[in-house]
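Please read the following points with the structure open beside you, and check each one against what you see there.

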Amino acid sequence: MSIVVSIPGVDKTNWWIEQLQALMPSWTIRSIHDPGDVEAVTYAVVWKPATGAFLPFPNLKAIVSLGAGIDHVLADTELPRRIPIIRTVGTDLTQRMREYVALHVLRHHRNMPAISANQRTHQWEPLVVPPATDRTVGMMGLGNLGGTAASTLAALGFETLGWARTKREIEGVTTYAGEAEFDTFVRRCEILVCLLPLTEATTGILDAELFARLPRGASVINAGRGQHLIDDDLLEALGSGQLSHATLDVFHVEPLPSEHAFWSHPSITVTPHIASLIDAPTGSRIVSANIERFEHEGSVADLADAERGY
Ligand code: NDP
Ligand code: OXD
C-alpha cells in the first residue's frame with residue numbers, strides 16, 4: 001500500500017509527503033523519483049507530472065490532482081486513460097477563490113488601478129464610480145469555484161451574470177448556458193471573470209472577438225488557465241481602450257518569464273497563480289480523505305470526467 005507524490009520542487013514534495021504521512025500512518029508515502037516497490041504503488045498525488053510519469057506503476061487505482069484543474073494531468077500524452085482522476089477541491093479552496101475574485105472585482109469596480117497611478121504622481125482626482133448595484137459582472141464557469149465566487153459577488157450587490165456549459169441555478173445570479181446564450185451574456189459584462197477549466201472548447205476563449213463584444217472599457221480577470229487567453233489580443237484591446245484593465249493570475253508559461261510584456265504593462269495586474277493556492281496542511285486533509293474513501297467505496301464525489309476534460 002503505497003502512494004507516490006510528484007510535485008515540482010524537492011522542498012514542496014517533502015512538505016506534502018510529511019503532511020500526508022502524518023495523516024495516513026498505515027501507508028508508505030514516497031517521492032515519485034524514489035518510489036520503492038513500483039508494484040505496491042496504488043495512488044499518485046501530483047501537480048504538473050512529467051510526461052510518462054505513471055507508466056512505471058502497473059497497479060495504480062487513481063491519480064490525485066493536487067488542484068481543481070486536471071489539465072496538467074491530461075497534458076501527459078502517455079497518460080494511462082483507464083485510471084480515474086480525483087480533483088482536490090473543498091471549502092478552503094472555494095473560500096480562497098471567492099476572496100481573490102471579490103478583491104479584484106472590487107478593485108476594478110472602484111477604479112483602484114487609476115487611483116494608485118494618481119498617487120504615484122501626487123494627483124488628487126476624486127473618481128466617481130456607480131454603486132455595485134449598477135455594475136454588471138460576469139462569471140465564466142459556474143462550478144465549485146466560479147459558482148461560489150458568483151454568489152459572493154451577488155451578495156456584495158453586483159448585478160451578477162454567470163455562464164456555464166449547462167444551465168445552472170444560483171441564487172442572485174442570472175445564468176446563461178452554452179454557445180447559444182454566450183453573446184447575450186458577454187455583451188453585458190463590464191467586469192468579466194474567467195474560472196473555466198482548460199479544455200479544447202475553452203482554449204483561447206479570451207480573444208479579440210470576445211473582447212470586442214464586451215462593453216467598451218470593460219476589465220477582465222483571468223484565474224482559470226493562461227491558455228484561455230490570447231496574450232496579443234489582450235495587449236491590443238488594452239491599447240485601443242476597448243479594455244481598461246486586466247488582472248491575470250495564470251499564464252501560458254509559469255513562472256511568467258521576466259521579459260514578458262505583462263510584467264510592466266500599466267493596465268495589467270500580475271499575480272503569481274495564487275488565486276486559490278492549496279497548501280500541504282490543508283490539502284493533505286482533503287487528499288487523504290479522498291484516498292481513504294476511494295479505497296473503501298471505489299469512488300469519491302470529486303472524481304473528474306477525463307472525457308469531458310474537467
Ligand atoms: P468545475 O469543474 O467545478 O466547474 C467548471 C465550470 O466550467 C462548470 O460550470 C462548467 O459547466 C463550466 N464549463 C466547462 N466547459 C465549459 C464550456 N465549454 N463552456 C461553458 N462553460 C464551461 O471547476 P472549478 O470551479 O473547481 O475550477 C475551475 C478552474 O479554475 C479549474 O479547472 C482551474 O483551471 C482553475 N483554478 C485556478 C486556480 C488558481 O489559483 N488560479 C485554483 C483552482 C482552480 P457545467 O456546470 O455545465 O459543467
Ligand atoms: C488548481 C490550481 O487547479 O491551483 O487547483 O490552479
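1. A polar contact, as the word is used here, is a pair of N or O atoms within 3.5 Å; within protein, one must be able to donate a hydrogen and the other to accept it, and residues adjacent in sequence count only if both atoms are side-chain atoms. With that in mind, an oxygen atom of ligand 2 lies 2.7 Å from an N or O atom in the side chain of R225, and an oxygen atom of ligand 2 is 2.6 Å from an N or O atom in the side chain of H273. The backbone takes part as well, for a backbone N or O atom of G69 is 2.8 Å from an oxygen atom of ligand 2.

2. This is a predicted model, in which local features need pLDDT of at least 70 and side-chain atom pairs count only at pLDDT 80 or more, while totals for chains, interfaces and linings use all residues. Residues are numbered from 1 along each chain as its sequence is written, chains are lettered from A and ligands numbered from 1 in the order in which they are written, and side-chain values use heavy atoms, with hydrogens and water left out.

3. Around ligand 2 (a heavy atom within 4 Å) stand W47, G67, A68, G69, R225 and H273. On its own, ligand 2 has 210 Å² of accessible area (Shrake-Rupley method, 1.4 Å probe), and the protein covers 86% of it.

4. Ligand 1 has 29 residues around it, of which L145, T166, R168, D249 and Y310 come nearest. An oxygen atom of ligand 1 is 3.0 Å from a polar backbone atom of N144, whereas nitrogen atoms of ligand 1 are found 2.9 Å from a polar backbone atom of R165 and 3.0 Å from one of A223. Taken alone, ligand 1 exposes 940 Å², and the protein buries 94% of that.

5. Which element gives the most to the shell around ligand 1? Helix 5 does, with three residues; helices (H or I, at least four residues) and strands (E, at least two) are DSSP runs, numbered from the N terminus.

6. Elsewhere, five strands form an open sheet in the order 2-1-3-4-5, with parallel pairing (at least two DSSP bridges between two strands). The edge strands, each pairing on one side only, are strand 2 (28-31) and strand 5 (85-86). Strand 1 (residues 2-6) and strand 3 (residues 41-46) pair in the parallel sense over five bridges, and the bridge partner of V4 in strand 3 is A44.
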